[in-house]
Amino acid sequence: MAPPPTQPVSATPPSGPSATPRPHWAVLTAVFAVALPGYLAGAAPGLLWGDSAEMQILAVVGGVAHPTGYPLFTLVGRLFTAFGPGDLAWRSTLLSATFAAATLTLLLAFLLARGLRTLAALAGVAAWGLSFTFWATAQRSEVYSLATFMAVGALWCTVLALERGTRAPRLAAGTLLGLTLAGHMAFAPWVAVAGLVLAWNVPRAGVRWLGDELLLLLAFLVGLAPYAYLPWADHARHGLNYLQLVEVANWPASPVPEGFRTTLERFVWLLTGRNEMPPIPLSPNPRTLAKNGSDTFFLFALFELGPLAAVAAGFGLRAHWRASRVQVPLLFGMLAASVVFSAVTSGYKILSVFLIPCYLTMAVFVALGAESALARFGRTGTAWALVTMLLLVNAGLAHGARLYSYDHPIGPFRSKVQEEDDRVERSLLPDMSHETQARRFIESAAQVLPDNSLVITEWREYMALQYLQHVDRRRLDLVLQPSGYPTLLHKVAWWEQHHNLVMRPVVVIVGPMTPMAQHLVEADTLRLATGQLAVVTHVPLRYELPPLKVLAKRH
C-alpha cells in the first residue's frame with residue numbers, strides 16, 4: 001500500500017498556525033559546525049597548481065579567469081581574502097570550504113522548510129556532503145561550492161514562487177538563478193528549466209502579467225551583473241587576465257589577429273569558445289556520447305552519492321511524483337536537462353564537476369526517499385542508528401569503488417573517477433592537507449632561476465609562477481611563457497633576436513613538455529627542490545617556425 005502524500009511535496013503551502021515551520025537552529029548550526037572543520041581538516045594548506053592556483057591568484061588580485069570567467073568567485077574572493085587568518089592562498093581555499101559547509105546547511109534548511117523529518121533531511125544532505133567531488137572541491141580553491149550555494153537558494157525561491165504565485169520570491173529566484181550562472185555555466189540547463197518554468201507560471205493578468213515577466217527578466221539580468229566585471233577587467237588590464245595569456249600562447253611575438261581584438265569579441269569567446277582557439281564547433285561523436293553515458297551512470301550509481309543513496313533517490317522520485325505538482329517534476333526536469341548538457345558538452349575529467357547540479361538534485365530525491373521510508377519505519381532511536389549506519393556503509397562503498405576504479409575501470413567504456421586537477425586521490429577520504437609541493441616549487445624557482453630569463457613551462461607550474469609574481473610580488477624579472485608547443489618557438493625566436501642569451505637565457509621547466517628537448521643545442525640543468533628539472537640554455541636553439549593560428553574574419 002502506497003504511503004499517504006506528505007507535506008514536503010504539497011503543491012500548496014500550509015496554512016494556519018503551523019504555516020511557517022519552526023526553526024531548527026540547533027541542527028542547522030550543528031551541520032555547519034561539523035561540515036566546515038571536516039572539510040578544512042583535509043584542505044590544502046597553501047598554494048596549489050594549475051586551475052586552483054589561478055583561482056587563488058584571482059581571489060587576491062582579481063582579473064579574468066579561464067572560460068567562462070567565473071566572475072562571482074573572483075568578486076567574492078576579493079572580499080574573502082581581504083580578511084582572515086593564514087596566507088592568502090589558504091584564505092581562498094577557506095572560501096571553498098566555507099561555502100561548501102554553508103551549501104549543506106542551506107539545503108538542510110530548505111528540506112526542513114518543506115516539512116521533511118530531520119533525519120530524512122539529514123540523510124539527503126549527508127549523502128551529498130560525503131560524496132567525493134563535493135568533498136574534494138571543498139578542499140581546494142575552486143568555484144563550485146559558491147555556485148551550488150547560490151543554486152540551493154535559487155531552488156528554494158523557485159519552489160516558493162511556484163507555490164505562492166507571488167512576486168517577491170519570483171524576483172528573488174530570478175536574481176539567484178542569474179548569480180548561479182555567474183558562479184558556473186555547468187548550471188546553465190538547470191537554470192534554464194527553472195527560469196522557463198517561473199516565466200510560464202507568472203499569473204496572467206493583462207498588462208500586469210507583462211510587467212511581471214519583464215521584472216523577472218530584469219531580476220535575472222541583475223543576477224548576471226557580475227559578468228560585467230570581466231570586460232572591464234580585460235579592458236583595464238586588471239589583475240591576472242586569462243585573455244592576455246591566450247594572446248601570449250597563440251601569438252607570442254605577433255600582433256593579435258582580427259577576431260580577438262575588441263572587448264566584445266574576447267568576451268564572446270570567453271563564454272562560447274570552450275577554451276579552444278580558434279573555437280571548434282561542438283560535434284560529439286557516438287563513441288564520446290556512449291562513453292559519457294557510461295561514466296554518468298557509474299558516477300550516479302556508484303562513485304559519487306553511492307549505491308544505497310542512488311536506490312533511495314529512485315525510491316523518493318517514484319514515491320513522491322504523483323503527490324507533487326511542483327517540486328519533484330521541476331527537479332526531475334532540471335536533472336534531465338543537466339545530464340544531457342553534461343553528456344554533450346563535457347566528458348572525461350570534467351564530467352563529474354559538470355554533473356554537480358545533478359548531484360544536488362539527487363540529494364533532494366535521497367531525502368524524499370528517506371522520508372517515505374521513515375514514514376513506514378516509525379520515529380524511534382533505532383531509525384537514527386540505522387540511517388547513520390547506512391550512510392557510513394554507503395559512503396564507504398562509494399569511496400571504495402572510486403579507489404578500485406583507478407586501477408580497474410568498469411564496463412566496456414572503462415569508466416572510472418577522473419579528477420579535474422589531474423590528481424589521483426589514493427586515500428579513502430579526500431585529503432589535500434599534505435599538498436605543499438607548489439609552494440616549495442616556487443620558493444626553489446625564486447632562488448635558482450637565472451635573472452631576466454624567459455621561462456617556458458606547462459600550465460600546472462605556470463600558474464604557480466604567476467602566483468609568485470602577482471601575489472608574492474617576487475621575481476618580476478622573469479618573463480613567463482606558457483608552453484603552447486610548437487607555437488612558443490615564435491617567442492623563442494623573438495627572444496633570441498632582442499636579447500643576449502648569455503645575459504638573458506631561455507629556461508625550460510622540464511615536465512610533460514619533452515618536445516622542447518629536440519631544439520636544445522647546449523644546456524645546463526638545474527634541479528628544483530621538488531624534483532623538477534630546469535634546463536637553461538645560453539645558446540640559440542635549432543628549430544623551424546611553425547605557422548601561427550589564424551582566426552576567421554568577422555563580416
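This is a predicted model: local features need pLDDT of at least 70, side-chain atom pairs count only at pLDDT 80 or more; totals for chains, interfaces and linings use all residues.
**Overall build**

I noted 22 helices and 7 strands in the chain. How compact is the chain for its 555 residues? Its radius of gyration is 25 Å, close to the 24 Å from the globule rule, so the chain is as compact as a globular protein of that length. I also looked up the span of the C-alpha trace along its principal axes, about 85 × 55 × 50 Å.

Then I turned to the inside. Buried residues make up 53% of the 555. Among contacts with a separation of 6 or more, 76% are between residues 24 or more positions apart.

**The cores**

I kept one general point in mind here: nonpolar side chains in soluble globular proteins tend to be buried together. In this chain the largest nonpolar core has 149 residues. Which of them touch the most other members? I wrote down Tyr39, Leu107, Leu111, Trp128 and Phe260. Helix 4 (residues 88–113) gives this core its largest share, 14 residues.

Leaving aside residues up to four places away in sequence, Leu107 touches Val125, Trp128, Val152, Leu360, Ala363 and Val364. There is also a second, separate core of 14 residues, and Val492, Val508, Leu520 and Val535 are among them.

**Helix 3**

My next stop was helix 3, which covers residues 71–81. I found Pro71, Leu72, Phe73, Thr74, Gly77 and Thr81 buried there. What do the buried residues of helix 3 pack against? Their partners are strand 1 (63–64) and several helices: helix 2 (50–61), helix 4, helix 7 (144–164), helix 8 and helix 11 (229–235).

**Arg167**

Is Arg167 buried, partly exposed or exposed? Its relative accessibility is 36%. Buried means under 20% and exposed means over 50%, so Arg167 counts as partly exposed.

I looked up its neighbours too. Not counting residues up to four places away in sequence, Arg167 touches Arg208, Asp212 and Leu215. Last, I checked Arg167 against Thr137, 30 residues apart along the chain. The C-alpha atoms of these two are separated by 35 Å.

Key: Residues are numbered from 1 along each chain as its sequence is written. Side-chain values use heavy atoms; hydrogens and water are left out. Helices (H or I, at least four residues) and strands (E, at least two) are DSSP runs, numbered from the N terminus. The radius of gyration is taken over C-alpha atoms; the globule rule is 2.2 Å times the number of residues to the power 0.38. Buried means under 20% relative accessible area, exposed over 50%, partly exposed in between (1.4 Å probe, protein chains only). Contact means heavy atoms within 4.5 Å. A nonpolar core is a set of buried Ala, Val, Leu, Ile, Met, Phe, Trp, Tyr and Cys residues joined through side-chain atoms within 4.5 Å.
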